[in-house]
Amino acid sequence: MSEAEVRGSANRLHEQLERINELLRRHKLVEQVAHAQHGPHQDLVDNLLHRQHLSELQRQLDGLHPADIAYILEALPLEDRLTVWQMVKADRDGEILLEVSDAVRESLIADMDQREILAAVEPLEADELADLVEDLPTEVLPELMASLDAQQREQLQSALSWQEDQVGALMDFEMVTIREDVSLEVVLRYLRRFDELPAQTDKLFVVNHDNMLTGVLPLHWLLVNSPEKMVSEVMAPDVNTFHPADDAYETAQAFERYDLVTAPVVDDSSHLIGRITIDSMVDVIREEGESEALSRGGLREEEDIFASVWKSVRNRWTWLAINLVTAFIASRVIGLFEGSIQKLVALATLMPIVAGIGGNSGNQTITMIVRALALDQITPASAKRLWRKEMGVALANGLVWGGVIGLVAWALYGHLALGLVMTAAMTLNLLLAAFCGVGIPMLMARHGRDPALGSSVLITAMTDSGGFFIFLGLATVFLV
C-alpha cells in the first residue's frame, strides 16, 4: 500500500469517527429535549428521532471492519463507547474484542453479561480464545471450556501453557498439510475440497507418516510446476522453522528479515504442531513499540485515555515519585551554589541550557541503544567499542555546540571566561549524557530488566543534576 493510500485510509477512518461522534451528539440532544419538554405528541416525535439516529449509527457500524470499530471505540469516552458497543451486532463482538487494547477490552467486557460473553467468544479459534481468556470473568470459563470440542480444548490448553511473549502463545492451529509421496495433481484436487483456505496461506506444510515436518510447498510453486511431478521433487526444506518456546519478538524480526507470511512451528522432535502468521507478528512488533514508548515515559501499563482519574494516577505515580526525588536532588545541587549565583546572576539564565542540551543528547543515545539491544545488535565484544564511539560523538558535539553557546554567552555578557566555562560545561555534560545513555540500558538489560523502563526519566535526572553541578562548579572555581 502506497503512502497516499495509507493517508487516504486514515482520513476515511477519521471521517467515520467524526460522523459517529455527530450521531452520538444528536442522540444526546434528543434525550435532553425529551427530558425538558412534554406534550401530547412529544414522546412520539422524540422516539422517532431517537430511532432514526440509532438506525443511522447502526448502518455506519455495519459497514466498518472490526479493526476500524475497535479504533473508534478506543477514541470515545466511556459513556459513548458503551453506546456504540451496544449497537454492534452480536456476531461481530468477538472479532472486535480481539482488536481493541487490553484497557478498552476490560471496559467492554464489564458491560456484557455472561450470556453475551459466551456468544461472543465461542465462534473464535483456539489461538484467538487464548488471547482473551485472561480478560474473561472466571465464572464464564467453565461453561466456555464445556462448549469446546476435545481438539479445541487441547489446542487452547496448549496455547495457554506458554507465556504471552512466546511463539506457542501466538501460533495458529489452522493449516494445510500434505504428504511428500503424492503428485501435485493430487494436492490440487485436495485443495479444491476446501471451501476456503486458512487466512495467510502462502505455503503448504509437507509432513511424513509421523507428522514430522519434511519441507514446505509454496503455492506459486504448486501452480507453475507440472501436475505429474511429485511433492518431494518440488518442495523445499524450510529453514525458517520455529519452536513454541522461541521469543515472539525475535520471531517477528525473522519474519521481517526474510519477508515471511507464514512459518511452521515444531516441537523438539520436529513434529508439526502449528504455524505462525504475519498478522500475529505485526501485532507483536506494534505492541513491542508501544510498550517501549510507555516504558521510556515510566508508565507501568497501557492506559485507556478515557480511564478514570484513579486508574490513571495509579498507572503513573511510581515514576513521577522517582522524578520528584531526582528533581529535589537537582534543586539541592543548585542550592549548593546559591552564593555563586547571587554574585553572577548570568549563571541562573545559562544553566538550564546546559541541562536541557544534555538531556536531549542523552535521550538520543539511550533511544539508539535500547533499539540496538532489542535487535540483539550489541555483544560483549562490541559494547566497549560502542561506548568509545558515543563518547567521541559527545565530545565532538560538545566542542562544536558548546563553542557556539560559549560565543553567545561572551557576546551577551561581555565575559570571555563565562563563555569558556559554558563551553567546558556543555562538553562535559554531553560526555556524561553519552556515558549514562549507553550505561543505563545496558546495566538494566544485564540484570534482566526492560532496558527502556523509565529510561527517559533516568537520563533526564542524570543530565539535570550533573549539568547543574558541572556548570555551577566550574563557574565557582573560575569565575566567582
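Predicted model: local features only at pLDDT ≥ 70, side-chain atom pairs only at ≥ 80, totals over all residues.
**View 1. Domain 2 and domain 3 of the protein.**
The domain assignment divides the protein into domain 1 (10–165), domain 2 (177–297) and domain 3 (309–478). Taken over C-alpha atoms, the centres of domain 2 and domain 3 are separated by 48 Å. Domain 2 brings seven residues to the contact, and domain 3 brings twelve residues.

**View 2. The packing of helix α4 on helix α6.**
Helix α4 covers residues 78–87, and helix α6 covers residues 102–110. Their axes lie 10 Å apart and form an angle of about 65 degrees. The crossing of α4 and α6 is right-handed. From α4, the residues in the contact are Leu78, Arg81, Leu82 and Trp85. They meet Val104, Ser107 and Leu108 of α6. Sorted by class, the residues in the contact of α4 with α6 are five nonpolar, one polar and one charged.

**View 3. The second largest pocket and its lining.**
Rolling a probe the size of a water molecule over the atoms shows where empty space is left. The second largest pocket holds about 260 Å³ of space. Two elements, α19 (380–413) and α20 (416–446), each give two or more residues to the lining of this pocket. Helix α20 gives the most, with five residues. Among the lining residues are Leu373, Ile378, Thr379, Pro380, Ala383, Lys384 and Trp387. The lining also includes Gly439, Met442, Leu443, Ala445 and Arg446. By class, eight residues of the lining are nonpolar, two are polar and two are charged.

Methods:
Residues numbered from 1 in each chain as written. Heavy atoms only, no water. 1 Å grid on protein atoms, 1.4 Å probe; cavity = no way out; pocket = protein on both sides within 12 Å on 5 of 7 lines; lining within 4 Å. Points joined across faces, edges and corners; volume = space filled by probe spheres on them. Helix = DSSP H or I, 4+ residues; strand = E, 2+ residues; numbered from the N terminus. Nonpolar A, V, L, I, M, F, W, Y, C, P; charged D, E, K, R; others polar. Axes fitted to C-alpha atoms, helices over the stretch in contact; angles between N-to-C directions. Left-handed = near helix turned anticlockwise from the far one by under 90°. Contact = heavy atoms within 4.5 Å. Domains from an automatic or database assignment.
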